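Hi everyone, thanks for making time this morning. Please have the sequence and the structure open while I talk.

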Amino acid sequence: MGSAKGEKLRFCIDRGGTFTDVYAEIPGHSDGRVLKLLSVDPSNYDDAPIEGIRRILEELGTSLVPNLRPLRNEPSNLYEEAIEVDERVELALEEEKGDEEKCGSFVKGFLGLLEKGISCLAVVLMHSYTYPYHEMAVEKLAVSLGFRHVSLSSALTPMVRVVPRGLTASVDAYLTPVVKEYLSGFISRFDEGIAKLNVLFMQSDGGLAPESRFSGHNAVLSGPAGGVVGYSQTLFGLETEKPLIGFDMGGYINRSPQLDINTVAAGGGSKLKFVFGAFRVGPESVGAHPGPVCYRKGGELAVTDANLILGYVVPDYFPAIFGPKEDQPLDVKATRKEFEKLAEQINSYRKSQDSSAKDMTVEEIALGFVNVSNETMCRPIRQLTEMKGHETRNHALACFGGAGPQHACAIARSLGMMEVLIHRFCGILSAYGMGLANVVEEAQVPYAAVYGSESVVEASRREAILLNQVKQKLQEQGFGEENIKTETYLNLRYEVTDTAIMNRNILVCDVRVRGIGVANILKPQTLEPVSGSPKIEGHYKVFFGNGWHDTPLFKLENLGCGHVMPGPAIIMNGSSTVIVEPKYGTNIAADFYLTNIKERLDFSCALFGPDGGLVANAPHVPVHLGAMSSTVRWQLKYWGVNLNEGDVLVTNHPCAGGHHAEIGGVTPGSMPPFSKSIWEEGAAIKAFKLVEKGIFQEEGIIKLLKFTGADEYSQKIPGTRRLQDNLSDLRAQVAANQRGITLIKELIEQYGLETVQSYMTYVQLNAEEAVREMLKSVAARISAESTELGKRNSAMIEEEDCMDDGSFIHLKLTIDSNKGEADFDFSGTSPEVYGNWNAPEAVTAAAVIYCLRCLVDVDIPLNQGCLVPVKIHVPTGSLLSPSDKAAVVGGNVLTSQRVTDVALIAFQACACSQGCMNNLTFGDNTFGYYETIGGGSGAGPTWDGTSGVQCHMTNTRMTDPEIFEQRRPVVVSILSERRVHAPRGLKGGANGARGANYLITKDKRRIYLGGKNTVEVQAGEILKILTPGGGGWGSPPPPPPSL
């Protein structure tokens, strides 16, 4: 942008959820201009970035003030309709082109979309990453019919795996038109348009792109990406040699980027609540408008209010941009008044639980909320490091964002970090980082080959072509050869998996070249060392864990390189506040800048108390988590005192645990549809010490996995088909458990065993109270709906559901409205069946605890406390409590869903869902694989049902269809339900659709397979699985009147 003197003005702008940050470099000024204003303030301006530029230009008296015209941005839902295309690519021949005449069948469907006002299209076809011509033909047709934007998956991400390609195309089709419209309006507001403007936009990958090449799917995480560039370019290698973890705490979202970017709703705008004796922070946000209470807009209490009470936010130094005229400071009195109201509620509750409990002060309550917020923010940091095998304590914390430096010391302490780095422009680092970023162009081509000398030669040939492409694009933008760098990447994976594990051939999937045009928009400046003591601007009261502290306040602009300030201290840094805790100190730096488990995620992790009760879990597969407590308690009883430090137990028998995929049995994947005994389903291990006193018992576990049973019949059944994979998975699980043990020990060292165990109890008590309150409200609702129950202290409901073979699951649910207790009585359920949909008792307990957790309308962890107010009676010998020789593979995956449906119907919570997991296994004598397939979820009082989703007792990730088709299965088994009896609707709602399974042979015969079958599938044949739908809720609307 030109100034009046022909020099260049440079603006870097980050529009966040609460604030918009502007950094401007002005010709003739050594320091940049920093401006922060509310992102949403409709009474004063309609667009924050434009307003920020206008204010700075107005200060300069330049004539380039934008011509402000209204700009509307009202995006709709992500997508409104999907069209299935009858298209297939079996062999990609580069000389072929799409047959445009075949696209004629799409015209009717496309015209129907246009008639509904849908003008943006996302196109994803199978294997288009290697053969894009069909997608290109669809695009040409769509544009000719009048679609204003078409996003092709093959053009956006030309790499194998159709699901992420489709997601990328959908996001792009949704965002790009909106982004382009906004950018067009943004640029048009300048008197000279884009002719003399050099406008670059930050992308999610940390690179800049001109407006003409900026696409919506690259904008999703552009804000945090700017911050990543900012701290990585200015801190790593300059201020520290430690690996960095970036922590960005903004208005209502905090982000913790290292190699990935993770977001969590616990920022300054996150709402504070007291629910069932627990402090809750987020995930709801008060937003920028109305914002926290202190913003003077009638908002609700948020983290920013808590920081204000504690003195972490100093009103004297906070921008006076609040009130009707944007000229008032933060409202301390209103914030304290709201906290006093909350304190009355909290102390009243504490007294009701313990008459001797001391009242908490407003400051203690505010600190409690801040501590909860800090711990919430630590979780994604641990996830991004420890899940990748890195210790957080070995990193330095690079903290930025407007609210981040207030929490930096506490976050670092919790993560065991000894070094915190805070940038001078930490409050606007996402904006400033954009000025440090480079322009990036990428090109990518698919390439399927085994890594070796020949494939390296071919990959190099493709690399050369891509290098020329990216260099040409950068040269077209004005970059000379000396300012262009390139990086080449090969996307590798191991054979027979889409992730990097196992000792197999390495496959090359694609070649990618990244071209970097060095932009040099902003230049670093070095500070000279200073001597003497830092200047104290004043003293303020700040509340830390042990009370109020008289805390000196410093201004960063009056500090020099080498100044050292012991904690406690406050450092005002323009747009942000740095809080140095009493145990910390700070110094000013010399630089200016301060296979199944793996692929499908079919696993769960949890923490248990001394009695084996579930305390907390990493939310994943509900049927695992609810059953794990029964497993742990069985093992504790079995082993008694014969457990030692360093022991690791493995169990797989239904009477003592659950069931794993691919552990032998009569079919690959260990999920046979016709199994009649436990031995046919693979290894059944009741109790075994996989690791005994620190020694891995490999010989013993191999014997158990290779020989599935002790009798003559079971010895004829194949053992595991993937022994080395099993051993690798087991070793990984041992390592994961050991990491959990280490973290628990650290927690005990920090707080003491008694405190840790006490809080394990508190967590469960909180869940118990939440469930009791829910049960009381359900009983009251049922009583109100039934005149017969109106005068009773309890409500009783009976429900049942029928399996496809005719066996019944019967439930009598009795709820005590006074005590908030429930009795789940499954008497009347059919006996053990001569099939495999028998379910161990632990599965029924898992379904019940899952339903209770779903019905509690507050955020509580799934734990054993949910079951304290509940009794579960399961008749011995029924299909919900079978003998220890019964086949049970369908119990986890089929019957668990039906128990869930029966319970939710009894609660009148929602209609039945698909009641099945549609289990598909395939393989041969060398490998086996297992998959669950999504179906319909039931409708409820305020929501419609959904299609094609994993629901209730499973949420595993499906293997990508393109990966499926590379593996060419030989033997396929299907184990499913709801092929005979449809999912029921509620309150007059229609039943959901029944499922169906077909084999379509090469000669086009269509063969119905029933719900449970095993079939050999030849190349070119199609297995068609139609999963069940979900039941409806309420009477359907009347049909529209005929014309």
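Two housekeeping points first. This is a predicted model, with local features needing pLDDT of at least 70 and side-chain atom pairs counting only at pLDDT 80 or more, while totals for chains, interfaces and linings use all residues. Residues are numbered from 1 along each chain as its sequence is written, and side-chain values use heavy atoms, with hydrogens and water left out.

So, the overall picture. The protein has 20 helices and 41 strands; these are DSSP runs numbered from the N terminus, helices being H or I with at least four residues and strands E with at least two. Of its 1043 residues, 52% are buried. Buried means under 20% relative accessible area, exposed means over 50%, and partly exposed is in between, using a 1.4 Å probe and protein chains only. The accessible surface is about 47900 Å², and carbon and sulfur atoms hold 52% of that; these areas come from the Shrake-Rupley method with a 1.4 Å probe, and for residues only the protein chains shown count as cover.

Now please find helix H10, residues 404-415. Why do I call H10 largely enclosed by the rest of the structure? Because 10 of its 12 residues are buried, among them Gly404, Cys409 and Leu415. Its cover includes helix H7 (303-310), helix H9 (362-386) and strand E8 (244-249), where contact means heavy atoms within 4.5 Å. Just after H10, Gly416 has a positive phi of about 75°.

On to the cysteines. How many disulfides does the model have? The count is 0, taking a disulfide as a pair of cysteine sulfur atoms within 2.5 Å. Look at Cys912: the closest cysteine sulfur, in Cys910, is 7.9 Å from its own, too far for a bond. Cys912 is buried at 1% relative accessibility, and Cys378 is buried too, at 0%.

Salt bridges next. There are 31 of them, each being a side-chain nitrogen of Lys or Arg within 4 Å of a carboxyl oxygen of Asp or Glu. In helix H8 (residues 332-353), Lys341 and Glu338 sit 3 residues apart, about one turn of the helix, and their side chains pair at 3.3 Å, N to O. Lys341 is partly exposed at 47%, and Glu338 is partly exposed at 28%.

Compare that with Lys689 and Asp647, which meet at 2.9 Å, N to O. Lys689 is in strand E27 (residues 688-692) and Asp647 is in the loop between helix H14 (622-639) and strand E26 (648-650), so the pair ties together parts 42 residues apart in sequence. Lys689 is buried at 8%, and Asp647 is buried at 16%.

For the surface, look at Tyr451, Val456, Leu490, Leu492 and Ile506, which make a nonpolar patch of about 380 Å². Patch residues have over 30% relative accessible area and no salt bridge; like charges are joined within 9 Å, and nonpolar side chains (Val, Leu, Ile, Met, Phe, Trp, Tyr) within 5 Å. Leu490 lies in strand E16 (residues 484-494) and is partly exposed at 35%.

Last stop: Asn818, in the loop between strand E30 (808-816) and strand E31 (821-825). Leaving aside residues up to four places away in sequence, Asn818 touches Lys776 and Asn793.
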